[in-house]
Amino acid sequence: MNTETVKPHKGAARVGIGGPVGSGKTALLEQLIPRFIARGTQLAVITNDLVTKEDAIRIQRSGLISPDRVMAVETGACPHTAIREDPTMNIQAADFLDEKYGNLDLILIESGGDNLASSFSLDLVDYWLFVIDVAGGDDIPRKRGLGVMQCDLLVINKTDLAPYVGVNIERMLMEGEEVRGGKPILLTNCAKGHGIDEVVEKIAREVLFEG
């Protein structure tokens, strides 16, 4: 995020975490939350689901963060519509959390979407991540989905599975860099916590302007 960019809202920085179902978005959240809290970051979380609060309940029950700092948005349609076409419900949820706590530094907004085309409105977030996983195939970057190409940070998750699904991670990285014009890509294994510190540092530098 450019330091000269004017946020479209007051209050905490808002970071989107998107990607296909099963790519590891909620697992990434569960790794990010304790690391940001350990840094002293005042944090809240918003999750998006079609007609349930499944992801929010999972985070609330995790013990990683006070449950009242987690809100669920039930979109009633494919969640990408509530982060891209009309993000009003998410903006209202973020505004509510900002007003409730008053001292938040960061709100993480997690949402699935229509596979590789999911993207976040910049009326909603200041910066956004897109999570894909190697089990989806190393041709994902070549498909040039909006999420892969437009996100501020591409996260390639489940790197430990590469040998078992015949994925060449080096080629995946190279092709990702080509379609993204050199914008950053990080590798993670959320199950083991590998690569998460690099994601935290990236958000801390680019969004919270720390370090």
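**Stop one: a lysine in a helix**

Select Lys25, which sits in helix α1; helices here are DSSP runs of H or I with at least four residues, strands are runs of E with at least two, and both are numbered from the N terminus. Before going further, note that this is a predicted model, in which local features need pLDDT of at least 70 and side-chain atom pairs count only at pLDDT 80 or more, while totals for chains, interfaces and linings use all residues. Residues are numbered from 1 along each chain as its sequence is written, and side-chain values use heavy atoms, with hydrogens and water left out.

Is Lys25 buried or exposed? Lys25 is buried, because its relative accessible area is 6% (buried is under 20%, exposed over 50%, partly exposed in between, with a 1.4 Å probe and protein chains only). Now show its contacts (heavy atoms within 4.5 Å): beyond four places in sequence, they are Ile17, Gly18, Gly19, Pro20, Glu110, Ser111, Gly112 and Val131.

Pick Pro20 next, in the loop between β1 (13-18) and α1. Pro20 has a relative accessible area of 15%, so it too counts as buried. Setting aside residues up to four places away, Pro20 touches Lys25, Asn115, Leu116, Phe130, Val131 and Ile132.

Then colour Gly19, Pro20, Val21, Gly22, Ser23, Gly24, Lys25 and Thr26, listed by an unreviewed UniProt entry under "binding site". Of these, Val21, Gly22, Gly24, Lys25 and Thr26 belong to the lining of the largest pocket.

**Stop three: the pocket**

That pocket holds about 250 Å³ of space. (On a 1 Å grid over the protein atoms alone, a pocket is an open set of points where a 1.4 Å probe fits, with protein on both sides within 12 Å along at least five of seven lines; lining residues have an atom within 4 Å of a point.) Of its 15 lining residues, Val21, Lys25, Asp49, Asp55 and Glu110 are closest to the centre. Helix α1 gives the most to the lining, with three residues.

**Stop four: the cores**

Finally, select Ile46, Ile107, Phe130 and Ile132, the residues with the most contacts inside the largest nonpolar core, which has 30 residues. (Such a core joins buried Ala, Val, Leu, Ile, Met, Phe, Trp, Tyr and Cys residues through side-chain atoms within 4.5 Å.) A second, separate core of 28 residues includes Ile17, Phe36, Leu43 and Leu129.

Conventions. Points joined across faces, edges and corners; volume = space filled by probe spheres on them. UniProt positions renumbered as here; feature names shortened; annotations may be inferred.
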